Amino acid sequence: MARDPSVRSGADLFEVRFESIGGLGAHVAGKIVAGAAVLRMNMNGSHFSSYGSEKKGSVVRSFIRLAPADSAIRTSAPIEEPDVVVVFHAGLLAHPATLSGLRAGGTLIFAGNEGDLPEGLERAPGTAKVFRVDAQKIAFEEKSRENAVLIGALAEAVPELDRQSVLDALTATFAGKSDAVVDSNTRAFNRGADELEAVAGIGRQDGDVPTMQSHPAWGYRSAPIGGVLPTPGNTAHNDLHTSRTGWMPILERDKCIDCGMCDMVCPDLCLVWSTHVDADGNPGVKLDGIDYQYCKGCMRCVETCSTGAMIREAEEPGKADELRVPLFPGLATAAGGKHA
Amino acid sequence: MLDQARAISPQPVRQVHDFKSGNEAAALAARDIGFHVMGYFPITPSTEVAETLSKMQADGEHDIVMIPADGEHGAAGICYGAALGGGRVLNATSSQGLLYALEQLPVQSGTRVPMVLNISTRTVSGPLDIRCDHSDIYFVLNAGWVILMARDPQAAYDLNFCAVRIGEHADVRLPVIVAYDGFLTSHQKRRIDRFDDPDAVKAFLGEREDPYTALDPEHPVTFGPYMNDPDLINNKVQQHEAMEAARRVIPEVFAEFAALSGRDYRTVDAYRMDDAEVALVLLNSAAENAKEVADSLREQGHKVGVVSPNVLRPFPTDEIRRLLRNVRAVVVGDRGDSYGAEGGNLSLEVRAALQQDPDNKTLVMSRIYGLGGKDFYATDAEEFFNEALAAAATGKVDVPFEYHGAYAGDDAAGPPPGLPPIQSEAVSRGMAKVTPNPDTNKLEVELKPLWEMTTTPSRIAPGHGACPGCGFFPMLRQAYNVLEGNVVVLFQTGCAMVTTTGYPKTAHRITYIHNLFQNGAATLSGLVEMYHERVRRGELPAAPEGEDTTFIMVTGDGGMDIGMGAALGTAHRNHKMIILEYDNQGYMNTGSQLSYATPFGHRTSTSEVGDAMSGKRFHHKDTPQIFAACNLPYVFTASEGYPEDFMRKMSKAQWYAQRQGLVYGKVLSFCPLNWRTADDAAQEVLQAAIDCCFFPLYEVEKGATHVTYDPDAIGRRRPVGEWLGMMGKTKHILAPEHADQLEMTEQEIGRRWRRLKIKSEHPEL
């Protein structure tokens, strides 16, 4: 269904959409920015978020609508044609929905490593302003979070927002916390604003990015009646690796005694075992490894391991793919991935 | 005169800007009104009202008595009782909570006891969906309550004040609902103006005056007599007249409120209706979305407008008739169907109103839209307008009734297929050998080593959406390691249900049923009896002794609050099944509200910590002892941190459930998110809870108690404070100013532990 520009919600609206993953603080960031606009910059505004069904690690969108003080904001619908998109995790750019509807004259800010031009940036309008900020690095160095860095970047990149007002709103959310907490978030915010880097000539889209329409897997003609799922265990197709926040458990095979204790405590049911018969004819089991498609990185296996065979390591790009032992080797993971 | 939207006029009393969601606005109104009592039970998306009030209470901002009920039915009872006492009473609920309370609603209106109930509207089950539509509010149209519709957070704030006045009016004397859209309004922050002039608010509200109260010993009265014909119909005439009086009183109160606030509400919100030839009739937030489309269509020369009742009961029949008199075609959008009636309730009532006007020629179309939170975009409103414009132009309606925005599906698509079914033989590996000991009359269990269990095919698949570190899945995995044969599970609503069955995917590889947590135990008991009856009739294969299908009802500790009645009834009937409770000490699925299993002093989102309040105010429920008192074959406690102990008990549970009757087990289950610990802290925190005797591991087998882990006996007893110091939700109890709270905790834990040990030592207890 094509969207008719004639019905765009209130022409004087300024609309921002955050694209994020649960746990990165997009909802709180949106609340801070919109609250700053309404309570500190004398604007009218609204803010809300949408969540997936998972508790952590799934796609989260947060929406900010701003208008002049005397202008009504009526609609409560999600923002379809944003003036600004802020992407909290570069990996999200691979999904076409992330930039859906971004206006030709709009602004895109994404969290990415220095020099990084992730796949999907080309979907941005050629006429849009595109900025990169290394939110993860800054947040780590300043003992803050990505969201503080990104709202600093947003407040700097967008003339509609007053940088100081947004910083004041951020600081106010840490009322009662130590000066050190306020300082680290202030530094993260300011570095986000100051280290914002314009990326030119990357967008290929002519005009506005078209709005994405998506359909559920089943409709009323195809779904079994009553909401019944005759598909036992099909969550096995889900990919939950984004739930890990920078750390992963690693099996050091030579230290493992195959005692089975880790299997008792693993919430993600992602340990892979095989059976064998030893030279004396006794049956045995062997822990072959971890299926990182499901591991959310809680480290309960590491904590419980009595021989030090499970260790906690920083997750480097590609490492999980390299070390992964698939639990269901024949399973096609592409279909029904969680972002499908 | 109806054609004015709410206008912001110069403010007669002092007000301040704020930036609040609908739930927060309702909570602010509650604070500013100063209700006496709130009885409530958490349900998304209304829970935030109680949560916000709990935070405010901890900070000393109000002194409303907040009573966490055992369920919405109990909450409605608390509110009814409190309101009989002559003070101001508040509640907030949604969806199934409203339906669970429904039985009480006509009692309250029929006996004419005012209060205010905020409803954050949400679709009703099943299947369970937490998002907005109006199917819940449609169920209460016949409850005899005044119903006000709040289209945005400002209205949620404002209409709470009006609700108090309308309900308490001497000619009305009815309870009042304020309904706003779940998530769309309840969770969307907007700029609002709130009062900053307590004296003016107080003057507006006045004092509640009750002709009768239950707290006036000098004038004893009987509330709720037994009344048959010929009297009941007369009582109902009075109720009808009260609702008709509300028709008159509501505009009066709205006018007074306009003078106070500068915000002018009408019984029907009419937008650009003066010369409208085509209109949409919509409730709440969708009407606001449609207004923007009306503006752009007006710019294109179309005479369109939007009609949206601010009052649903009494239904504003005259205003609707007047507004639509010259409208040629209207689309009425219903966020909820009245199945088989060819229109939702709003459509039916609009049609009925117009039918009474002999001169009316308006063409009416009904559209069901936005169910279960499906968004209503400008393009949707535009489609409705276009359909109405087409009907107005042609003078006829092609499709009188239709669902809007549904999707037929694509046969080539669909969710990914399931995994191969779990074969009974593959999971019946003898991991626990259960033998009755004729000397002790008890069961003995021999467990295989843990490593042998690792290759048991799992009845639960990975890929579920639980939080990192969640203790439920280790528990389930351990249980499944030792259970033999066919298993059917029923999960009551809770984290484990939500995270394993997000449509169109399921983590369950065996048959799984969900029912709401009032009723899981009863539901499963029905299935158990059907199984045995169909086996008896030869319709299902009979199994050798000890190989019948095992039925397990899985519940959180919250489900053992609201579902306690059904669970105890099931226990007393002694069906052959297991009730397995994972106790993570709160309603963790909905954001950590207190349950009765939450220990004393612990912080939750409805038992906040601040200068004026310090966590939960009463001790944790001793659920295993309650079930032990049902004289069941087997009751146990366990921890996912002690796999061998738990698996031994689980295998005994299966033995008893297949042969003798009902088993109840409670398993302490780690929740790092809401206990506020690291994701990998399970082992030390669970161990501390057990070693300090907060959570003793024991079993009650055929009436005899046996402590299976005694920290005193092996020198591992630790102070309660060591456990409390490990969790963010309890650290405050160790502060010097809460020394009394720590002492009370120690005393209660010590008292329960000593009693348990005495029972364990005595053969008859």
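Into which domains is chain B divided? In this predicted model, chain B comprises domain 1 (15-208 + 228-261), domain 2 (269-403) and domain 3 (434-601 + 618-708), with bounds that come from an automatic or database domain assignment. Between domain 2 of chain B and domain 3 of chain B, the C-alpha centres are 51 Å apart.

Residues are numbered from 1 along each chain as its sequence is written, while chains are lettered from A and ligands numbered from 1 in the order in which they are written. Because the model is predicted, local features need pLDDT of at least 70 and side-chain atom pairs count only at pLDDT 80 or more, whereas totals for chains, interfaces and linings use all residues.

For chain A, the mean pLDDT (the predictor's confidence in each residue, from 0 to 100) is 91, and 92% of the residues score at least 70. Residues 1-8 of chain A stay under 50, with 15 contacts beyond four places in sequence; a contact requires C-beta atoms, placed from the backbone, within 7 Å. Residues 334-340 of chain A are also below 50. Where pLDDT is low, the predicted coordinates should not be read in detail.

Turning to the interface, 76 residues from chain A meet 75 residues from chain B. Elements of chain A that each supply at least two residues include α1 (26-40), β2 (43-51) and β9 (271-277), as numbered from the N terminus among DSSP runs (helices H or I, at least four residues; strands E, at least two).

Notes
Two residues are in contact if their C-beta atoms, placed from the backbone, lie within 7 Å.
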